[in-house]
Amino acid sequence: MPNAPALTNLGGLDSPAVREARIELAACFRMAHRLGLHEGICNHFSAVVPGRDDLFLVNPYGWSFAEITASRLLICDYAGNVVAGDGVPEITAFFIHGRLHKNVPRAKVALHTHMPYATSLAMLEGPPLVWAGQTALKFWGRTLVDEEYNGLAFDEAEGDRIAASLGDADVVFLKNHGVMVVGPTIAEAFDDLYYLERAAEAQVLAQSTGRVLKPVPEALARKTYEQMRSDSGESARLHMASIRRILAAESPDYAD
């Protein structure tokens, strides 16, 4: 990672808002592991630190999603410095997430995975999602396909390219690679990640029958999308609350 002088104004990193963000992001890691959305010690989730648009939370390299706790998350700046926490992020995590948060201010949260069903669709020619299932319609008009696979993101140029490819989308299918989901809150981003994989799974299973998919007519697809989006923020909040209740009962150390 690039070397640069570390920030000196680091007050407020132990505020209640930052603590809450740590706990909520840790919950995402734990549930992603339970659902099989992880890949070894790779893949990364990040969130801009509340009140600090120049810093972001990210998982340390070398730890499984199953091992992530609130206190284990790192806080990094955009110059490549770890300003709080033990360890370092995976180099691709820094170059992808750091550049994304810096270049796309609306992306307060960025979740990158190689989750199997969505990634399998990213490996195919043509559009990944077919608007043939109700769950897929949650993403109507919100996805983009990055066709330019360039290997691992080992420099700022590739991170900048991925950030630029996002456009106005909330979901990017990275061809030959995986997916990136961004959102305004941790709850909304994880809700999208979860339902994206469910939509992809249903499509792969349907296609495995060898029969022709039946897409939803465009006007109805748009109407259904608008119905879903009308309360998506509240639905995502309730989804996250459910996840946290499950983890509090079964794996309470996630919040440590």
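A helix here is a DSSP run of H or I that covers at least four residues. I keep that in mind for every entry below. The model is predicted.

**Entry 1: His33**

I looked up His33 first. It sits in helix α1. Is His33 buried, exposed or in between? I found it partly exposed, with a relative accessible area of 28%. The cut-offs explain the label, because buried means under 20% and exposed means over 50%.

I then listed what His33 touches, leaving out residues up to four places away in sequence. The list is His38, Ser64, Phe65 and Ala66. I also checked His33 against Gly151. They are 118 residues apart in sequence. In space, their C-alpha atoms are 25 Å apart.

**Entry 2: Two asparagines**

Next I went through backbone angles. Asn43 is not a glycine, yet its phi is positive, about 75 degrees. I located Asn43 in the loop between α1 (16-34) and β1 (44-49). Asn43 is buried, with a relative accessible area of 2%.

Where does Asn176 lie? I placed Asn176 in the loop between β7 and β8 (178-183).

**Entry 3: Ser46**

I moved on to strand β1, where Ser46 has its place. Ser46 is buried, and its relative accessible area is 0%. Which side chains make polar contacts with the side chain of Ser46? I noted His97, at 2.6 Å. I also noted His101, at 2.6 Å.

I then turned to helix α4, residues 156-165. Which residues of α4 are buried? I found Glu158, Gly159, Ile162, Ala163 and Ser165. They lie on the same side of α4, because they cover an arc of only 160 degrees around the axis. The face turned away from that buried side carries Ala157 and Ala164, which are exposed.

What covers the buried residues of α4? The cover includes helix α2 (91-103), strand β6 (143-146) and strand β7 (171-174).

**Entry 4: The ends of α4**

I checked both ends of α4. Asp155 caps the N-terminal end. One of its side-chain oxygens lies 3.2 Å from the backbone nitrogen of Ala157. After α4 comes Gly167. The phi of Gly167 is positive, near 55 degrees.

**Entry 5: α2 against α4**

Last, I looked at how α2 packs on α4. At what angle do α2 and α4 pack? I read about 50 degrees, with the axes 8 Å apart. That angle makes α2 oblique to α4. The crossing of α2 past α4 is right-handed.

I listed the residues that meet. From α2 they are Phe95, Ile96, Arg99, Leu100 and Asn103. From α4 they are Glu156, Gly159, Asp160, Ile162 and Ala163. Gly159, Ile162 and Ala163 are also among the buried residues of α4.

Technical notes: Residues numbered from 1 in each chain as written. Predicted model: local features only at pLDDT ≥ 70, side-chain atom pairs only at ≥ 80, totals over all residues. Heavy atoms only, no water. Buried < 20%, exposed > 50% of the residue type's maximum accessible area, 1.4 Å probe, protein only. Arc of directions from axis to C-beta. Contact = heavy atoms within 4.5 Å. Polar contact = N/O pair within 3.5 Å; in protein donor to acceptor, adjacent residues only side chain to side chain. Axes fitted to C-alpha atoms, helices over the stretch in contact; angles between N-to-C directions. Parallel < 35°, antiparallel > 145°, perpendicular 65-115°, else oblique. Left-handed = near helix turned anticlockwise from the far one by under 90°.
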